[in-house]
Amino acid sequence: MTRDVRTVAPETTIQEAARLMAEADVGALPVAAGDRLAGIVTDRDIAVRAVAIGRGPATTVAAVMSLEVLYCHEDEDIGHISANMAENQVRRLPVVDVDKRLVGIISLADIADARASEAGEALEGITRPGGERSQSIEGRA
């Protein structure tokens, strides 16, 4: 997992979030409201939920972020994490400690570095078309 994780606030603009993503060379930023994990925003959220429908750079992260925060625990088995990623079709998960405080983020690449077979299973599930996290324009008002 990556421990040095930047976060953004819900009121951050998507332009600033995109700038931070570019600066850190990442595709997702956890959204923090105080010390609570409020959501996650990805480069795809910005492209599909904002730019594709004509929203401007001043749009807030809150308007495009994924509200349902899926996460894993820092002591969780990597096989279970990769199965969870596959089932939920996500490429990364915030990692929290026993107090549910953000301590890192784990990506498919992290799993591939640790265990290739779990990464393959996760990738197979993640890349299935559709699913409840599909970002088609029809799927989000």
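Why are Arg-19 and Glu-23 separated by about one helical turn? The two residues are four apart in helix H1, and because of this spacing about one helical turn lies between Arg-19 and Glu-23, helices being DSSP runs of H or I with at least four residues, and strands runs of E with at least two, numbered from the N terminus. The model is predicted, so that local features need pLDDT of at least 70 and side-chain atom pairs count only at pLDDT 80 or more, whereas totals for chains, interfaces and linings use all residues. Residues are numbered from 1 along each chain as its sequence is written, and side-chain values use heavy atoms, with hydrogens and water left out.

Four salt bridges are found in the whole structure, a salt bridge being a side-chain nitrogen of Lys or Arg within 4 Å of a carboxyl oxygen of Asp or Glu. Arg-6 and Glu-23 form one of them, at 2.5 Å from N to O; this pair links distant parts of the chain, since Arg-6 lies in the segment before helix H1 (14-24) and Glu-23 in helix H1, 17 residues apart. Glu-23 also pairs with Arg-19, with the closest N and O atoms 2.7 Å apart.

Arg-6 is partly exposed, at a relative accessible area of 35%, as are Arg-19 at 39% and Glu-23 at 48%, where buried means under 20%, exposed over 50% and partly exposed in between (1.4 Å probe, protein chains only). In a further salt bridge, Arg-49 meets Asp-45 with the closest N and O atoms 3.4 Å apart, and both residues are buried. Through shared partners, salt bridges join Arg-6, Glu-16, Arg-19 and Glu-23 into one network.
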